[in-house]
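Please keep the sequence and the model side by side as you read, and find each part as it is named.

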Amino acid sequence: MSHKRIPKRKAAIAAGGVVALGAAAILLPNANASQDGASAGAAAAPKTLKAADASDLASQLAGLLGDAFAGSYYDSDSRQLVVNVVNGDDNNVVVQAKKAGAQVREVDNSMAELEAGAQTLKAKATIPGTSWAVDPRTNKILVTADSTVTGAKWDRLESTVRSLGSGMATIKKSQGTFKTFASGGDAIFAGGSRCSLGFNVTAGDGSPAFLTAGHCALAGDQWSDAEGGQPVATIDQAVFPGDGDFALAKYDDPATAAPSEVNLGDQTVQITEAAEATVGQQVIRMGSTTGQDAGTVLGLDATVNYPEGTVTGLIQTDVCAEPGDSGGSLFTQDGLAIGLTSGGSGDCTVGGETFFQPVTTALEAVGATLGDGGAAGGGEEAGAGDQGIGNGQGAENGQGAENGQGVGNGQGVGNGQGVGNGQGVGNGQGVGNGEEAGAGDGVGEEAGAGADDGTGAGADDDSALTQTR
């Protein structure tokens, strides 16, 4: 086993309320293609794109435009990709960007200048409670300070931002405190801490595994699906702080079924692939404390200065989260895995910022792939040995599979108990409205499928999943 360790705003998600994501790649037109006689204005008309297609196009245009590229973002209202360029009038390749379907916008700050500004902040203002990321919508660096940054620390941060020059950065003050979101309670447990499972994956050696936050691994190597229960998974790799916040945990039973899906409570989203985030993209988060919340990607490659250390390469969002949500999944309604909950400020009552580890980076680092998507079956069809720490799904009738018997060992999911390791969704109540929630996947760490009728094996605390508000 290898380790690398150094030291409620709620939104109910309607099926059509989240940006639909497609998988088709956008191919740039051949620069040598013959003209079709269409007017230049027609050729330059921005295309209507799905968010995933916009991300693909943005990646291609970043390479095509070179130094002229100054970031991009997805306008979810118009469903268009907006690409920032510097010296656009002098760069003929911009014509190709327009032909490819992007809306091109000329800005003042180049990516090189913005990245240099971020390096200055790193050198002079690495203060716990601060973060920064490039915001392509404003073409500036968005600097955020939490409530602990006061007095001399605030003066130092403000002075550093001023030194970058006019129009390079803005400061936002957050009411909360930047922290990682681990806590004691339900979902997956180790060393008295509770976290949330992100996504089931297949490890490089073919064994079933899952991704969660790297800082969760600081609580211990062995993770259980019930507080004080027998371990069911062991940390194989973990990174935090530093170049990310992610961990790979392998299921101890190699026969564990680990389908790639997320349960929203009233529906299950099949996770088909990992995808890069795009600024402006609408996303959903699931976690073991707050259930479901939705929001927008605000920035990429964010640097966050937690009390435990600096973490780089994160996704910044306006999604809320709370302790215990750490490691939970950030995804799209159409099944793209985007991120793992790292930390942030605020809560789901007043709102705040939340940062996520990109799934693509984590998968590449640990050598894993998303699972094959095979489900363990629902209710009566759940098979033996199928008690992986999955996506918060219990069995039917608010109990374990087979009318109150467990998926796998004659017990409820997670040792004979309801979703969330014996803790029902919604203040200690049973699984899935007493009758629905799929079977076989194990611990309800991020699923939000809970009952409000007290059926099933419930918890006696307030740390279980709550209903989406």
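Proline 46 lies in the loop between helix H1 (40–43) and helix H2, where helices (H or I, at least four residues) and strands (E, at least two) are DSSP runs numbered from the N terminus. This is a predicted model, in which local features need pLDDT of at least 70 and side-chain atom pairs count only at pLDDT 80 or more, while totals for chains, interfaces and linings use all residues. Residues are numbered from 1 along each chain as its sequence is written, and side-chain values use heavy atoms, with hydrogens and water left out.

Proline 46 counts as partly exposed because its relative accessibility is 32%; buried means under 20% relative accessible area, exposed over 50%, and partly exposed in between, with a 1.4 Å probe and protein chains only. Leaving aside residues up to four places away in sequence, proline 46 touches Gln80, Gly101, Ala102 and Gln103, contact meaning heavy atoms within 4.5 Å. Proline 46 and arginine 79 are 33 residues apart in sequence, and their C-alpha atoms are 9.5 Å apart in space.

Helix H2 (residues 51–65) has 15 residues and reaches 20 Å from its first C-alpha to its last, close to the 21 Å expected at 1.5 Å a residue, where the expected span is 1.5 Å times one less than the number of residues. Among the buried residues of H2 are Leu57, Ala58, Leu61 and Leu65, and what covers the buried residues of H2 includes E2, E3, helix H3 (93–99) and strand E23 (336–344). After H2 comes glycine 66, whose phi is positive, near 60 degrees.

Two of these covering elements, E2 and E3, also belong to an open sheet of three strands in the order E2-E3-E4, with mixed pairing; two strands pair if DSSP finds at least two bridges between them. Strand E2 (69–75) and strand E4 (103–106) stand at the edges, each with a single partner strand, so one side of each has no neighbour in the sheet. E2 and strand E3 (residues 80–85) pair in the antiparallel sense over five bridges, and tyrosine 74 stands opposite leucine 81 in E3.

Elsewhere, phenylalanine 240 and tyrosine 306 form a tilted aromatic pair, 6.2 Å centre to centre with 45 degrees between the planes; rings of Phe, Tyr and Trp (its six-membered ring) pair if their centres lie within 6.5 Å, and planes under 30 degrees apart count as stacked, over 60 as edge-to-face and the rest as tilted. Phenylalanine 240 and tyrosine 306 are both buried.
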